[in-house]
Amino acid sequence: MFREERGLLLASLARRFGDLDLAEEVTSEAIEAALRHWPAEGVPARPGAWLLTTARRKAVDRLRRDRAYAARLAVLQADAERDEALAPASDAAGAGELPDERLQLFFTCTHPALAAEDRTALTLRCLAGLTTPEVARAFLVPTATMAQRIVRAKKKIREARIPFRVPGPDELPERLPGVLQVVYSVFTEGYAASSGPRLQRLDLAEEAVRLARILHRLLPAEREAAGLLALLLLVHARRDARTGPEGEPVLLEEQDRGRWDRAMIEEGRDLVVRALTGGPAGPYGVQAAIAALHDEAAGVETTDWAQIVALYDVLLALTPSPVVAVNRAVAVAMRDGPGAGLALLDALAAEPRLRAYPPYAVARGDLLTRLGREGEAAVAYREALEAAGTEPERAALRRKLGE
């Protein structure tokens with residue numbers, strides 16, 4: 001309950017007082033008070049309201065004791081009131097209909113004035129509720145370094161007077177992709193860890209799914225929010241089958257599809273329909289449609305590779321990227337044979353961003369092996385081994401080389 005309520009509490013207090021540090025401190029104090037009182041007095045009928053009232057009182061007490069702090073926050077509050085007064089009436093009405101204020105915190109934490117790495121760190125800290133050491137582990141940096149990043153981001157919000165508000169309809173199309181990208185980045189690190197002893201960071205992946213659920217619930221009319229949630233659910237549904245008994249990676253064609261989470265797949269498929277209905281598809285909706293085709297197939301042989309290639313064509317037009325091009329080449333290989341896919345991969349050889357991207361070399365190694373060109377395949381797998389970040393990946397590549 002604390003995990004769910006913390007984000008709501010923090011968003012409400014940050015909006016009210018205009019200061020993330022104060023909001024975090026009194027949120028923690030309110031939860032501490034609950035841990036003292038509730039075991040003896042019982043959990044209140046409305047625990048969230050109890051926590052919010054307690055936190056507000058603690059914030060007011062602190063402001064009364066610190067006049068300088070109160071004066072600075074009064075300026076921030078005046079700025080917030082000015083922004084509300086200048087906002088169109090329709091914007092204010094839309095914001096009033098939100099179930100809670102977490103959406104305002106999403107857009108504050110991911111404001112374009114913040115550095116990209118700071119946005120993700122602050123989102124994990126404030127909205128996912130991870131501790132600073134947990135965020136540091138996710139980024140593979142010392143706790144002190146991450147603490148400095150988070151402090152820097154909060155200072156930027158305070159000094160630049162970044163408002164705690166949802167962008168208006170004219171700003172939303174520009175700002176929403178940044179919010180979705182942060183959640184997607186969190187999931188990507190959870191789905192395929194960049195380094196460490198494990199292939200997956202299920203804690204991060206599950207936090208990303210939770211954040212995507214919140215975003216979709218707060219922005220039900222935004223089709224790309226539905227597309228992102230669909231994509232995460234359809235990919236995360238395979239989590240139990242993606243690794244073997246020793247934590248080694250299991251390729252899609254070798255996975256036991258009976259271990260896939262069918263309820264999650266069904267939910268994701270329903271969301272794909274919403275994401276693709278009502279206008280041109282967005283990149284997350286298209287990626288979710290690709291994931292759905294994989295999840296619906298009984299096996300690799302029955303997968304609709306022609307449809308997947310067509311969707312990758314759409315995705316490449318929406319977001320040209322060498323990574324998308326690699327995935328498309330693999331799908332072409334499944335549709336037209338390894339020679340066709342290898343020709344497309346070789347055409348990407350000069351792309352600098354793929355030199356440190358192990359899946360590119362792995363894909364080449366696999367297609368070269370299928371063509372009987374073992375010597376060249378071994379070279380590709382060695383390149384992948386040099387770039388691999390996790391120990392399970394390296395172990396799997398060493399086995400491939402041995403074969």
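Helices, taken here as DSSP runs of H or I with at least four residues, are numbered from the N terminus. This is a predicted model, in which local features need pLDDT of at least 70, side-chain atom pairs count only at pLDDT 80 or more, and totals for chains, interfaces and linings use all residues. Residues are numbered from 1 along each chain as its sequence is written, and side-chain values use heavy atoms, with hydrogens and water left out. The structure holds 28 salt bridges, a salt bridge being a side-chain nitrogen of Lys or Arg within 4 Å of a carboxyl oxygen of Asp or Glu. Residues are called buried under 20% relative accessible area, exposed over 50%, and partly exposed in between (1.4 Å probe, protein chains only).

**The second largest cavity**

- A cavity is a set of points, on a 1 Å grid over the protein atoms alone, where a 1.4 Å probe fits but cannot get out; its lining residues have an atom within 4 Å of a point.
- Grid points are joined across faces, edges and corners, and a volume is the space filled by probe spheres set on the points.
- By this rule there are two cavities of 30 Å³ or more.
- Helix 9 gives the most to the lining of the second largest cavity, namely three residues.
- By class, three of the lining residues are nonpolar, one is polar and four are charged; Ala, Val, Leu, Ile, Met, Phe, Trp, Tyr, Cys and Pro count as nonpolar, Asp, Glu, Lys and Arg as charged, and the others, Gly among them, as polar.

**Salt bridges**

- Arg 125 and Glu 24 form a salt bridge, with their closest N and O atoms 3.3 Å apart.
- This pair links distant parts of the chain, since Arg 125 belongs to helix 7 (residues 116-126) and Glu 24 to helix 2, 101 residues apart.
- Arg 125 counts as buried because its relative accessibility is 17%, and Glu 24 counts as buried at 10%.
- A salt bridge also joins the side chains of Glu 25 and Arg 62, at 2.1 Å from N to O.
- Glu 25 is in helix 2 and Arg 62 in helix 3 (residues 47-65), so this pair ties together parts that are 37 residues apart in sequence.
- Glu 25 is partly exposed, with a relative accessible area of 36%, whereas Arg 62 counts as buried at 19%.
- Within helix 13, Arg 269 and Glu 266 lie three residues apart, about one turn of the helix, and their side chains meet in a salt bridge of 3.2 Å, N to O.
- Arg 269 is partly exposed at 34% relative accessible area, and Glu 266 is partly exposed at 40%.
- A network of salt bridges links Arg 6, Asp 21, Glu 24, Arg 125, Lys 154 and Arg 158.

- Helix 14 (residues 283-296) has 14 residues and reaches 20 Å from its first C-alpha to its last, close to the 20 Å expected at 1.5 Å a residue; the expected span is 1.5 Å times one less than the number of residues.
- Because 11 of its 14 residues are buried, helix 14 is largely enclosed by the rest of the structure.
- The buried residues of helix 14 include Tyr 284, Ile 290, Leu 293 and His 294.
- The buried residues of helix 14 pack against helix 10 (172-191), helix 12 (223-236), helix 13 (262-276) and helix 15 (305-318), where contact means heavy atoms within 4.5 Å.
- Ala 298 lies in the loop between helix 14 and helix 15 and is exposed, with a relative accessible area of 71%.
- The C-alpha atoms of Ala 298 and Glu 222 are separated by 31 Å, and the two residues are 76 apart along the chain.

**Two individual residues**

- Arg 161, in the loop between helix 9 (143-159) and helix 10, has a positive phi of about 55 degrees although it is not a glycine.
- Arg 161 counts as partly exposed, at 44% relative accessibility.
- Gln 104, in helix 6 (residues 102-109), counts as buried at 8% relative accessibility.
- Leaving aside residues up to four places away in sequence, Gln 104 touches Arg 15, Phe 164, Arg 165 and Val 166.

Terms used: Helices (H or I, at least four residues) and strands (E, at least two) are DSSP runs, numbered from the N terminus. On a 1 Å grid over the protein atoms alone, a cavity is a set of points where a 1.4 Å probe fits but cannot get out, and a pocket is an open set with protein on both sides within 12 Å along at least five of seven lines; lining residues have an atom within 4 Å of a point.
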